Amino acid sequence: MDGNRPQQSEGFSVSHAKDTPFVSDGLRAFFEYRDLGIKTATGGRFGAHVIRARAGTKAAPQWHSHSLEFQMVYVTRGWVEFEYENVGKVRLEVGSCVHQPPGIRHRELAHSDDLELIEITLPADFETTPED
């Protein structure tokens with residue numbers, strides 16, 4: 001196998017930025033997503049993405065929750081501001097990490113144009129429920 005190409009074999013996975021482009025067909029229209037290959041390597045048990053702001057777009061704050069067991073976000077560039085039910089506003093900047101407990105109601109309020117973050121979920125595919 002070519003050492004520079006994405007590799008996946010029985011749970012082992014390597015993902016290179018040059019081989020796995022960002023796509024805009026993810027959960028939010030104002031973000032682009034780069035799949036890190038974890039979903040395939042774990043048979044869908046876990047998901048991992050690099051998520052970045054789409055140029056010229058802004059957040060569309062809407063309360064929602066996710067049906068999943070684990071969700072973690074780690075900011076690698078820029079900033080993002082969320083609001084969590086019973087917590088309030090939380091601003092994440094480079095190096096910030098948040099664990100969003102299962103089912104917590106939240107919404108994204110704003111983000112910088114250069115936002116980039118890593119998201120890890122369990123499972124890889126999960127339901128999102130919009131709420132009032």
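Residues are numbered from 1 along each chain as its sequence is written, and side-chain values use heavy atoms, with hydrogens and water left out. Because the model is predicted, local features need pLDDT of at least 70 and side-chain atom pairs count only at pLDDT 80 or more, whereas totals for chains, interfaces and linings use all residues.

Strands are named here as DSSP runs (E, at least two residues), numbered from the N terminus, and two strands are said to pair if DSSP finds at least two bridges between them. In general, strands of a sheet pair through backbone hydrogen bonds, either parallel or antiparallel. The model contains an open sheet of 5 strands in the order S3-S4-S11-S6-S9, and the pairing is antiparallel. Its edges are formed by strand S3 (31-35) and strand S9 (97-99), each of which pairs on one side only. From one strand to the next the twist averages 20 degrees, where the axes are lines fitted to C-alpha atoms and angles run from 0 to 180 degrees between N-to-C directions.

The charged end of Arg-52 sits over the ring of Phe-22, 3.7 Å from its centre; a charge is counted as sitting over a ring if NZ of Lys or CZ of Arg is within 6 Å of the ring centre and within 35 degrees of the ring normal.

Val-73, which is placed in strand S6, is buried, with a relative accessible area of 4%. Although Val-73 and Glu-119 are 46 residues apart in sequence, they are 4.6 Å apart in space, C-alpha to C-alpha. When residues up to four places away in sequence are not counted, Val-73 touches Leu-92, Ser-96, Cys-97, Val-98, Leu-117, Ile-118 and Glu-119, contact being defined as heavy atoms within 4.5 Å.

A further antiparallel pair is made by S7 and strand S8 (residues 88-93), which are joined over 6 bridges, with Trp-79 opposite Glu-93 in S8. These two strands form a hairpin with 3 residues between them. Asn-86, found in the loop between S7 and S8, has a phi near 65 degrees, a positive value in a residue other than glycine. Most residues other than glycine have a negative phi, and most peptide bonds are trans. Asn-86 is also exposed, with a relative accessible area of 79%. In the loop between strand S11 (116-122) and strand S12 (127-130) lies Pro-123, and a cis peptide bond joins Leu-122 to Pro-123, with omega about 0 degrees.

The charged end of Arg-91 sits over the ring of Trp-79, 4.1 Å from its centre. The structure holds 1 aromatic pair, in which the rings of Phe-82 and Tyr-84 have their centres 5.8 Å apart and their planes at 40 degrees, so the pair is tilted. Rings of Phe, Tyr and Trp (its six-membered ring) are taken to pair if their centres lie within 6.5 Å, and planes under 30 degrees apart count as stacked, over 60 as edge-to-face and the rest as tilted. Phe-82 counts as buried at 10% relative accessibility, and Tyr-84 counts as buried at 5%. Val-90, in strand S8, is partly exposed, with a relative accessible area of 21%, and beyond its neighbours within four places in sequence it is in contact with Val-80, Glu-81, Phe-82 and Tyr-84.

The largest nonpolar core has 16 residues, and those with the most contacts inside it are Phe-31, Val-75, Val-80, Leu-92, Leu-115 and Leu-117. Such a core is a set of buried Ala, Val, Leu, Ile, Met, Phe, Trp, Tyr and Cys residues joined through side-chain atoms within 4.5 Å. At least two residues of this core are supplied by each of S3, strand S4 (47-53), S6 and strand S7 (79-84), and the largest share, 3 residues, comes from S7. Leu-92 touches Val-73, Val-75, Gly-78, Trp-79, Val-80, Phe-82 and Val-98, again with residues up to four places away in sequence not counted.

Notes
Helix = DSSP H or I, 4+ residues; strand = E, 2+ residues; numbered from the N terminus. Buried < 20%, exposed > 50% of the residue type's maximum accessible area, 1.4 Å probe, protein only.
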